[in-house]
Amino acid sequence: MSTQLNSEDVARARGLLEHATRVFILTGAGISAESGVPTFRGEDGLWRSYRPEELATPQAFRRDPRLVWAWYGWRREKVADCKPNAGHAALARLALDRPARIVTQNVDGLHEVAAVHEAAGADWEAASPLELHGSLFRVRCTKCVYRGRDRSKVDATDKGELPSCPKCGALLRPDIVWFGEALDPLVLTAAFDEAREADLCLVVGTSAVVQPAASLPRITRDSGGSVIEVNPQATPLTDFADVALQGPAGVVLPTLIQG
Ligand code: OAD
Ligand code: ZN
């Protein structure tokens, strides 16, 4: 992947970061691309090979829970083999060192792994992300209020038993926001608050086409803050950003966030 980093842009971005009192960090699938997690809309993107409406909707789950669980079980296994990259590590250090909050659209859990690693035994909570679209490693009950963490292997073959609720025995579903579903209002409100309170938004690796996440950088801007974008490709946010650093997150972020 080519990196066309302009040193003036890097210097401007470093200046904005140095002077920021509170940083709002919004990430998308691109931050995990260098870890080997497929994006959604890239050349090998998940939505190029699979039809979202057959896999990532409540209707699809009602129609064929086995098929949907097979897809999420497969993604869980694929992601479990991936490690955070230098981009996740740099963001975790930033959030551990300074007032900053990571808000992610990703469901891969890699920000959390990086936070634990970078905190090296100390408290890593400051770098734990708000997960706007849920997590591959959480489940919730289709009948009762049960929600829990779950990293187990899913056997979605005809012989396998689909995950069931430890409280009521009903079918569990991935705790992921599907197409046509609303985001968790508490998580969403927290994300908007973070975007509003920050004086710098660092937006990394998102095509910025899925709402409401895509509008969060505008909230920081409307509240008087600045926006830095890190993405090898142009997005609808590029012209609007104060600085656009066109390169892969794993290269650009460690350059930007030193120390
Ligand atoms: P997309 O796949 O739409 O976009 C990925 C972005 O990452 C693109 O803009 C790429 O240019 C950029 N990118 C690729 N490699 C990169 C790298 N090494 N460093 C930095 N950026 C890189 O993914 P999202 O914007 O995250 O929602 O997609 C948003 C939502 O759409 C997802 O959360 C998912 C999907 O439908 C749900 O499943 C609810
Ligand atoms: Zn239940």
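Analyst: Start with one contact. A backbone N or O atom of Ala 249 lies 2.9 Å from a nitrogen atom of ligand 1. The protein covers 91% of the 800 Å² of accessible area that ligand 1 has on its own. Such areas come from the Shrake-Rupley method with a 1.4 Å probe, and for residues only the protein chains shown count as cover. Note that this is a predicted model: local features need pLDDT of at least 70, side-chain atom pairs count only at pLDDT 80 or more, and totals for chains, interfaces and linings use all residues. Residues are numbered from 1 along each chain as its sequence is written, chains are lettered from A and ligands numbered from 1 in the order written, and side-chain values use heavy atoms, without hydrogens and water.

User: Which side chains have a polar atom 2.7 Å from an oxygen atom of ligand 1?

Analyst: First the idea. A polar contact is a pair of N or O atoms within 3.5 Å; within protein, one must be able to donate a hydrogen and the other to accept it, and residues adjacent in sequence count only if both atoms are side-chain atoms. Here, Thr 206 places a polar side-chain atom 2.7 Å from a ligand 1 oxygen.

User: Which residues come nearest to ligand 1?

Analyst: A residue is near a molecule or strand if one of its heavy atoms lies within 4 Å of it. Ligand 1 has 23 residues around it, and the nearest are Phe 40, Arg 41, Thr 206, Ser 207 and Asn 231.

User: How many residues of each class make up that shell?

Analyst: Ala, Val, Leu, Ile, Met, Phe, Trp, Tyr, Cys and Pro count as nonpolar; Asp, Glu, Lys and Arg as charged; the others, Gly among them, as polar. The shell has eleven nonpolar, ten polar and two charged residues.

User: Where does ligand 1 sit?

Analyst: Work on a 1 Å grid over the protein atoms alone. A cavity is a set of points where a 1.4 Å probe fits but cannot get out; a pocket is an open set with protein on both sides within 12 Å along at least five of seven lines; lining residues have an atom within 4 Å of a point. A molecule sits in one if more than half of its atoms lie within 2 Å of its grid points. Ligand 1 sits in the largest pocket. That pocket has a volume of about 1100 Å³. Its lining has 47 residues, with Ala 29, Thr 39, Phe 40, Arg 41 and Ser 207 closest to the centre.

User: What lines the second largest pocket?

Analyst: The lining has 17 residues, and nearest the centre are Arg 138, Arg 147, Asp 175, Asp 184 and Val 187. By class, eight are nonpolar, two polar and seven charged. Strands (E, at least two residues) and helices (H or I, at least four) are DSSP runs, numbered from the N terminus. Strand E4 gives the largest share of this lining, three residues.

User: How many cavities of 30 Å³ or more does a search find?

Analyst: Two. For volumes, grid points are joined across faces, edges and corners, and the space filled by probe spheres set on the points is counted. The largest cavity holds about 70 Å³. Among its lining residues are Ala 29, Phe 40 and Asp 108.
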